[in-house]
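Reader: I would like to learn how to read a structure like this one. Could we go through a few features in turn?

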Amino acid sequence: MTVYLLCFTLLLVGIYGIITKRDLVRIIISSGIMGYAVNLLIVLFGYKNGSIYAIFIKDTPVSPQMMVDPLPQALVLTSIVIELGTTAMLVALAVRLFEKYQTFDITKIRRLSG
Amino acid sequence: MILPFFIIIPLLTAFIITLIAGERDNWAVILSIIAVISLVALSVFCFVTLNGRTIVYEMSNWKAPIGIILAVDALSAFMLMIVAVIALTSLMFSVHYIRHLAPSWKYYALFMLLVTGMNGVIATGDLFNMFVFVEITLFAAYSLVAYGCKAEEFEASFKYAIMGSISSTLVLVGIGITYAATSTLTLAKIAEVLQQKDPMVTLWIGGIFLAGFGLKAAIMPFHAWLPDAHSSAPAPISAMLSGVLIKALGVYVLIRLFFNVFGGITIFNEVFVILGTISILVGGFLAMGQWDFKRLLAYSSISQIGYIILGLGLGTWLGVLGAVFHLVNHAIFKSLLFYNAGSLETAFGTRDLRKMGNVAKALPITSFTSMIASLSISGVPPFNGFFSKLIIIIAAIQAGRPVYAFLAAVGSLITLAYYMKVQRFGFHSRNIVPVEKDVISFGMNSAMIILAVLCLATSVLIIPGIREVTLDPIVAVIMNKTGYISQIFGR
């Protein structure tokens with residue numbers, strides 16, 4: 001139970017960062033932290049204490065019951081790639097925003113309002 | 001066998017465009033228009049030949065609960081049709097508009113990726129697959145919002161991307177918990193397993209998905225990103241975003257999850273009704289204060305999505321019918337209004353309603369079609385918006401909720417008020433503003449005319465004989481709690 005709570009805390013740290021930070025780069029990092037928390041959570045869902053990786057090896061008899069669930073790991077791989085894309089996109093946007101406004105401070109980047 | 005083509009055709013087109021396009025965008029235009037026309041033909045064929053069945057395609061021939069499946073029933077086929085038709089008009093409008101703005105093949109490649117993502121979300125029958133397609137759509141959308149390379153556009157795109165990443169994270173948490181609870185990711189299997197589980201599990205999963213996809217549908221407490229993103233994008237993209245993207249990613253997924261998978265739980269319907277009504281009123285009031293035409297339209301989208309959510313939340317046959325009908329109507333007239341805004345921007349170089357004038361003389365087609373769209377969206381007979389809003393209001397009265405019916409009627413009056421404002425101050429003001437001749441091309445005009453005709457034509461969907469073959473099968477799919485499971489597994 002503790003690990004899930006810690007995961008949830010990490011998620012909250014990410015959301016807190018996105019909401020309160022004023023620097024574009026810190027916001028991007030916070031969104032990354034939020035992503036790590038979810039990936040960790042999903043891997044934990046597939047984890048069993050004392051189990052082994054889900055690969056059948058020649059001459060070593062292992063039953064599928066002893067293995068961790070491999071599907072969450074596949075999901076997390078996909079979601080890591082997606083997150084990489086999102087982060088790259090956000091960084092590219094931050095660079096272009098810096099070119100336009102000469103600042104990373106979101107309180108100064110506000111031509112849109114209302 | 002035709003299901004994979006809904007994803008293959010636009011994805012392949014995007015790929016080929018990046019390969020063969022040179023300095024000019026001619027090939028990109030031709031290829032993407034051919035692709036979208038074939039999508040229109042495919043989706044119409046799919047909808048016509050469906051007859052209440054569900055077509056299931058198993059990817060790589062892995063059977064349903066294990067492999068990833070694509071599943072198209074009446075609701076999905078109908079959504080595919082809306083996406084294809086709006087995408088076609090949007091492309092027709094784009095050709096001249098984008099040459100005016102910043103001509104490049106990149107626009108068409110990203111546009112086809114946007115269509116790929118939306119088609120994928122609609123056609124898939126697998127939860128994680130749906131998440132991946134949502135991300136594809138959003139990637140294309142972020143870059144298209146920033147396409148004009150102005151400071152405001154980057155700002156809007158950044159906001160949109162941050163909100164998108166928060167909502168995707170929530171959705172991913174929901175997917176993780178769903179998998180932990182049900183050990184499967186196929187939607188139909190999830191529905192089957194959840195029936196035997198503690199109802200609390202469904203409530204938790206549903207709450208997280210409501211927040212995640214509610215953010216994408218821009219229901220009221222989650223709406224903050226929409227006005228910026230939809231008003232900063234190029235006009236044809238605004239039409240795609242407001243017209244179909246928030247419906248495919250938001251409303252469609254909510255319908256699929258909450259009605260077909262979770263089986264229409266009363267407490268979520270109650271939440272839908274309340275959030276829908278709040279969206280109608282607050283979106284309407286915020287729209288009334290805007291002078292930027294596209295921003296006004298974006299707030300109006302929030303308000304109109306509220307009607308769809310309200311109709312769904314009522315949970316009765318009539319309410320869902322109204323919601324589905326309003327969904328297609330809103331796709332048509334909101335896209336048309338964004339094209340109008342785009343053509344005004346091309347002609348006058350501004351989106352401020354106060355700086356426009358003599359539109360009726362300078363741009364007769366824009367002025368006329370905007371009149372039709374405004375009348376439709378404010379619910380004036382005989383246009384389509386009148387019938388869908390009427391059905392939703394009658395459904396609310398029949399469901400024993402006269403207060404919500406009254407509030408929906410008030411929302412309709414507010415809508416009328418701010419479109420009167422658009423017509424009075426924007427299109428028929430006394431200002432005389434010089435306009436060059438012939439800035440609006442044939443493609444732009446024909447896109448507007450097609451949608452204006454559709455505004456009138458879709459109101460025949462309500463005539464009983466036609467309704468029974470078009471809207472009723474869709475409502476049947478949504479209202480049938482166990483039909484989705486049995487159709488997918490072929491029992």
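**Reading helices and their contacts**

Author: Among what covers the buried residues of helix 11 of chain B are helix 8, helix 10, helix 12 and helix 17 (402–427) of chain B. Helices (H or I, at least four residues) are DSSP runs, numbered from the N terminus. This is a predicted model, in which local features need pLDDT of at least 70, side-chain atom pairs count only at pLDDT 80 or more, and totals for chains, interfaces and linings use all residues. Residues are numbered from 1 along each chain as its sequence is written, and chains are lettered from A and ligands numbered from 1 in the order in which they are written.

Reader: Which residues of helix 11 of chain B are buried?

Author: A residue is buried if 20 or more other C-beta atoms, placed from the backbone, lie within 10 Å of its own. In helix 11 of chain B the buried residues include Phe268(B), Phe272(B), Leu275(B), Gly276(B), Ile280(B), Gly283(B) and Ala287(B).

Reader: How do I read the spacing along a helix?

Author: An α-helix has 3.6 residues a turn, so residues three or four places apart point the same way.

Reader: What does Gly283(B) touch, leaving out residues up to four places away in sequence?

Author: Two residues are in contact if their C-beta atoms, placed from the backbone, lie within 7 Å. Gly283(B) touches Tyr299(B), Ser300(B), Ile302(B), Ser303(B) and Gly306(B) on that count. Gly283(B) and Ile302(B) are 19 residues apart in sequence, yet 5.4 Å apart in space, C-alpha to C-alpha. Gly283(B) has 29 other C-beta atoms within 10 Å, so this residue is buried.

Reader: How is the length of a helix checked?

Author: The expected span is 1.5 Å times one less than the number of residues. For the 23 residues of helix 11 of chain B that gives 33 Å, and the end C-alpha atoms are 33 Å apart, which agrees. For the 19 residues of helix 8 (residues 199–217) of chain B the span should be 27 Å; the end C-alpha atoms are 25 Å apart, which agrees.

Reader: What comes just after helix 8 of chain B?

Author: Ala218(B) does, with a positive phi of about 60 degrees. Within helix 8 of chain B, the buried residues include Ile205(B), Phe209(B), Phe213(B) and Lys216(B). Their cover includes helix 6, helix 7 (187–196) and helix 12 (293–314) of chain B.

Reader: At what angle do helix 5 and helix 6 of chain B pack?

Author: Axes are lines fitted to C-alpha atoms, for helices over the stretch in contact, and angles run from 0 to 180 degrees between N-to-C directions. Helix 5 (residues 127–145) and helix 6 (residues 151–182) of chain B pack at about 175 degrees, with their axes 9 Å apart. Angles over 145 degrees count as roughly antiparallel, so helix 5 of chain B is roughly antiparallel to helix 6 of chain B. By class, their contact has 12 nonpolar, 4 polar and 2 charged residues. Ala, Val, Leu, Ile, Met, Phe, Trp, Tyr, Cys and Pro count as nonpolar, Asp, Glu, Lys and Arg as charged, and the others, Gly among them, as polar.

Reader: How many residues of chain A and of chain B are in contact?

Author: 27 residues of chain A are in contact with 25 of chain B. Helix 3 of chain A gives the most to the side of chain A that touches chain B, with 14 residues.

Conventions
Helix = DSSP H or I, 4+ residues; strand = E, 2+ residues; numbered from the N terminus. Parallel < 35°, antiparallel > 145°, perpendicular 65-115°, else oblique. Buried ≥ 20, exposed ≤ 12 C-beta atoms within 10 Å, placed from the backbone.
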